[in-house]
Amino acid sequence: MEAIETKSLTLSYGDNVIIEELDLQIPKGEITVFIGSNGCGKSTLLQSLARLLKPANGTILLDGKQILKLPTKEVAKQLAILPQGPIAPEGITVLQLVKQGRYPHQRWFQQWSEEDENKVLEALKLTGMETLADRPVDSLSGGQRQRAWIAMTLAQDTDTILLDEPTTYLDMAHQIEILDLLFELNETKKRTIVMVLHDLNLACRYAHHLVAIHDKKVYDQGKPEEVVTCELIKDVFQIDCQIAVDPIFGTPMCLPHGKGRRIVQKAGPTLRAADY
């Protein structure tokens, strides 16, 4: 069974149709990455999968059940979403933020339990935020802040996590740190991870399943090594490129054409027979 599936999904803002008649399958227990040009509807699609945007038409299935017919708390127990650039209340500490992830599990007759406490502590440990638990979120670096938000989604203890551009505004080191963390969560905890990424080469490195969105539909989906081609890059991003193999991971690597310095490698000296 797929973790999430859409059938003839249409999304719009008023008369502006963003996604049209979309059929999509999100594999359970894998990392799925949405790619596409700016404004193609990646974030809108992610929001609709979390039931933050009501479809104009079509169906979204969460673990085989129509998501719109499920109680809100039931959805929150199965699926967590981390939007782009979340803002924490002023002065809130990391621990207080992470505790917010347990809200869907609270009952009127039992506001906090030992299980809640254990889930929060586990989330802090998994994200390496234990020593920063008492720090205000707004005092953290960009990478630390993002890990705090991810810890909150982990405390929610869902099988599926949606993330909208989790590496935005982070430097290279922190981008790898966050993506490595998500990769480890998938590997060790078997969480289904769905995220929007702009860096195509990182998307190819971390994704098991890649979904290219173009012209309001799925242009192609599948393993990066099977779907990333020069033709896809040209059609989806309107740019010429070469596709090489990442020398470290063996995944597809996009080398875009364009202007820039061109360094011509000088030929080495010709060896004579006497030089051998």
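Contacts first: taking pairs in the protein at least 6 apart in sequence, 63% of their contacts join residues at least 24 apart. Keep in mind that this is a predicted model. The secondary structure comes to nine helices and twelve strands. The C-alpha trace spans about 90 × 45 × 35 Å along its principal axes.

On burial, the protein has 276 residues, and 45% of them count as buried.

Now one residue. Ile67 sits in the loop between β5 and α2. Is Ile67 buried or exposed? Its relative accessibility is 1%, and the cut-off for buried is under 20%, so Ile67 counts as buried. Leaving out residues up to four places away in sequence, Ile67 touches Leu49, Arg51, Ile60, Leu62 and Val75. Gln156 is 89 residues from Ile67 in sequence, and the C-alpha to C-alpha distance is 18 Å.

Last, helix α9, which covers residues 230-237. Which residues of α9 are buried? They are Leu232, Ile233 and Val236. Looking down the axis of α9, the buried residues fall within an arc of 100°, so they line one face of the helix. Just after α9 comes Gln238, with a positive phi of about 55°.

That is where I stop.

Notes
Residues numbered from 1 in each chain as written. Predicted model: local features only at pLDDT ≥ 70, side-chain atom pairs only at ≥ 80, totals over all residues. Heavy atoms only, no water. Buried < 20%, exposed > 50% of the residue type's maximum accessible area, 1.4 Å probe, protein only. Helix = DSSP H or I, 4+ residues; strand = E, 2+ residues; numbered from the N terminus. Arc of directions from axis to C-beta. Contact = heavy atoms within 4.5 Å.
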